[in-house]
Amino acid sequence: MSAMWRRLQVKVGPARGLLTSTQVTRRSTWLNGHLSLCQSFSTGTSLRNDFFKDLETHMEAMRKKAMDALPGSSWTPLEINPNLPPERADIVIVGGGVMGWSIAYWLKQKEMVRGGVRVLVVEKDPTYSQASTVLSAGGIRQQFSLPENIHLSLASADFMRNINEHLGVLNEDPIDLQFNHSGYLFLASEAVAHIMEENYSTQRYAGAKVFLLSPTQLKEKFPWVNTEGVVLASYGLENEGWFDPWTLLNAFKRKAISMGAIQCCGEVTEFKYTTSVITTTDGEKLDLRRIKSVKVQMPNSLEYQPVECAIVVNAAGAFSGKLTEMLGIGFGPKQSIAAIPLPVEPRKRYVYVVRCPDGPGLDTPFLIDYSGVYVRREGLGGNYITGASPEEAAEPDASDLEVDHSFFQENVWPHLAFRVPAFEKLKVTSAWAGFYDYNTFDQNAIIGTHPLINNMYFATGFSGHGLQHSPAVGRAVAELILDGNYKTLDLSSFSFNRILTQEPKLERNIV
Amino acid sequence: MSAPLTYLHRCCQRSVLLVVARRQWSTNSASPPPLHRRLLLFLTQRFYDVEMLLGWRYQAQRSQLQKKNVYYSYTQRFYGPDIASAYYILSLKGGFRYVGQSEWFRTNQRGKFSWDFLNHKNTPIEEADMSYTIINYTGLENLERQRSLRTLKLKGCPEVDDWFLARLHLFQDSLEELDISHCPRITTGGLAALRNLKGLKHLNVSSLPGISNPGLVIILLEEMLPQCQITANGYDHNLRKVEEEEEEQMQRQR
């Protein structure tokens with residue numbers, strides 16, 4: 001029946017095409033001037049043409065009605081917005097950045113049966129205009145001070161090396177992350193050289209291929225660096241460099257959707273939760289909350305859909321603090337656990353694109369000076385990306401993403417020109433700003449559940465190294481949710497408990 | 001009986017929509033793929049069974065590759081690292097030459113080689129010819145202990161990619177000649193990693209399809225490795241006229 005209708009449409013198509021083509025040939029043989037006069041004076045096309053066009057649309061409408069009436073079509077008389085998320089999902093991931101989609105991919109990868117877990121990823125901004133993922137400089141390094149961070153980076157580098165085996169989709173081009181294997185070069189002054197040496201031994205023990213260089217060796221290897229004030233340098237040889245974060249995000253997204261994860265564009269505005277009050281041994285009353293459903297608001301509309309869910313994953317990046325406040329965390333009575341908010345807030349960081357034709361060439365590593373200024377090569381045309389972390393006291397206002405160019409003039413360029421004399425003559429071609437999901441407590445990730453909320457998992461607070469850890473953290477969170485415990489990497493030191501006991505796990509190599 | 005079945009089942013579930021012969025099917029070729037491949041793609045999009053079978057075939061190919069490139073720890077324990085590296089090179093159908101010897105040990109067309117190389121104990125390898133073999137990043141571990149390797153030929157190896165080049169820093173003191181021409185998976189990011197090979201004297205980067213601006217990249221490479229002689233043939237450095245390019249674009253649109 002449907003095939004018959006389709007054949008009918010096919011017959012009408014060529015007939016109309018024949019007619020219009022003959023008309024065109026007849027018209028084109030006339031003189032051009034005469035033709036244009038004709039065209040401007042006639043008020044409409046000829047009647048015969050109208051008849052066929054109407055016939056085509058009528059046939060199309062009749063065909064559509066017949067197809068909808070047949071069983072198997074999804075037509076309903078009630079008009080439902082197709083962009084709404086499903087009414088029920090097993091796991092709702094709030095945040096569609098690289099962390100959210102990595103968790104979605106690993107959840108679908110680890111499920112035992114096809115369609116075992118229904119995963120919904122909610123992202124409020126499909127253009128990713130404020131997302132930290134796409135505004136990042138895209139570097140990956142193993143030069144951290146905590147062994148967990150080093151292991152996360154190594155595991156993520158392993159993942160990216162075999163990315164086509166993990167995220168390859170049938171008949172699509174192989175994924176090209178544009179990974180530049182140029183390594184990271186950290187420079188240390190007298191004051192911090194001992195920290196660098198300690199970190200070096202931790203990194204070598206964990207398996208990172210890092211080498212220490214003295215100032216003379218540094219000058220020999222990188223003659224364009226001014227080694228004044230540098231006492232020690234640490235250079236990564238393997239698994240370090242930078243890549244394209246947008247490609248990684250899209251690869252995760254494409255693969256997760258091909259495995260059945262559901263994507264939704266909307267904003268989470270409210271949680272519906274049940275509270276059960278328990279009394280601790282000290283006699284203190286605690287409110288244990290369990291999220292029952294998530295209210296997803298459609299963009300630019302009053303429409304919303306409450307999604308019933310079993311587990312919520314907070315991968316909202318810079319906006320995770322705001323999300324947790326919806327559950328009442330941070331507003332409890334003083335001296336109780338509920339009074340401690342999630343210590344993640346957005347911090348603005350500037351990235352400047354500079355052009356310097358005489359700059360260092362293809363072998364420029366991701367250079368990080370002890371003053372906090374970083375620079376890396378971008379492309380082959382003498383462009384570089386540079387920036388710096390501001391002092392704690394002088395943090396820029398994080399309400400928007402406007403770039404402050406005086407920051408470059410005052411804080412970045414002097415140190416940059418001092419360290420690399422070739423950069424004295426440069427020109428700023430472009431700049432952008434992005435948010436760090438800054439963990440104000442100890443600048444390290446917060447992964448795991450909250451003691452007061454039974455079914456919310458955090459994967460946030462990465463303070464600038466979320467992108468490079470995303471594959472490994474995604475796997476860890478999927479293990480936590482589906483297996484109940486960490487299986488490959490033990491990240492229990494990143495749990496929320498350290499914030500309750502006020503024991504910071506400081507990362508000393510934050511850029 | 002059920003355990004291997006469930007394992008197979010889980011393998012399939014995990015590898016839904018895997019890449020199957022993707023390099024032949026990728027869209028960088030101007031002509032559409034041949035009939036049998038288009039038929040296979042059509043069937044794959046219709047039937048889960050075909051998709052699963054193709055997924056199994058792909059998995060089998062990858063596991064075969066991994067088996068060939070596994071770390072030969074058994075050989076190393078009983079015969080020492082040099083014999084183990086030599087055996088690895090020969091089993092991958094490559095050839096090598098020991099330090100101080102002038103004769104090359106190679107495999108013939110059928111993969112057979114003579115066992116004479118066992119006579120030279122504890123002699124490190126000086127030159128290795130792994131052209132057109134399936135050596136990859138994990139396989140390089142078998143050559144890790146050869147710190148006096150002077151020449152490494154990797155012409156036309158399909159599994160040599162940027163990560164492999166980054167790992168070549170193991171031979172940074174001794175390597176003098178490197179040939180990575182015709183390797184399809186090498187891109188500019190990997191060539192940047194060659195800066196660690198400070199003793200390199202001859203580098204052959206001809207006909208690398210993966211690098212986008214070959215002329216510029218060769219110049220930057222020459223600047224990066226000043227004492228090295230770089231051979232880069234097989235690139236079309238001619239400036240094409242604008243009209244010719246427009247014509248090509250029109251043809252492609254049609």
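The backbone nitrogen of Ser145(A) lies 2.9 Å from a polar atom of the Glu507(A) side chain. This is a predicted model, in which local features need pLDDT of at least 70, side-chain atom pairs count only at pLDDT 80 or more, and totals for chains, interfaces and linings use all residues. Residues are numbered from 1 along each chain as its sequence is written, chains are lettered from A and ligands numbered from 1 in the order in which they are written, and side-chain values use heavy atoms, with hydrogens and water left out.

- Glu507(A) is buried but has no salt bridge. Buried means under 20% relative accessible area with a 1.4 Å probe, protein chains only, and a salt bridge is a side-chain nitrogen of Lys or Arg within 4 Å of a carboxyl oxygen of Asp or Glu.
- Arg141(A) has the nearest side chain of opposite charge, 5.3 Å away from Glu507(A); Lys and Arg count as positive and Asp and Glu as negative, while His and the chain ends are not counted.
- At 2.7 Å, the side chains of Glu507(A) and Asn149(A) make a polar contact (a pair of N or O atoms within 3.5 Å; within protein, one must be able to donate a hydrogen and the other to accept it, and residues adjacent in sequence count only if both atoms are side-chain atoms).
- Leaving aside residues up to four places away in sequence, Glu507(A) touches residues including Phe144(A), Leu146(A) and Asp442(A); contact means heavy atoms within 4.5 Å.

**Domains 1 and 3 of chain A**

- Chain A is assigned domain 1 (81-181 + 239-343 + 440-510), domain 2 (184-218 + 228-236) and domain 3 (346-435); the bounds come from an automatic or database domain assignment.
- About 1,100 Å² is buried between domain 1 and domain 3 of chain A, with carbon and sulfur atoms giving 62% of it; buried area is the accessible area (1.4 Å probe) that two parts lose on being put together, summed over both.
- Leu135(A), Ala137(A) and Trp242(A) supply 51% of the area that domain 1 of chain A buries against domain 3 of chain A, more than any other three residues.
- Between domain 1 and domain 3 of chain A there are zero salt bridges, but four residue pairs are in polar contact (both at pLDDT 80 or more).

**Chain B**

- Chain B has ten helices and seven strands, and 47% of its 254 residues are buried.

Key
Buried < 20%, exposed > 50% of the residue type's maximum accessible area, 1.4 Å probe, protein only. Helix = DSSP H or I, 4+ residues; strand = E, 2+ residues; numbered from the N terminus.
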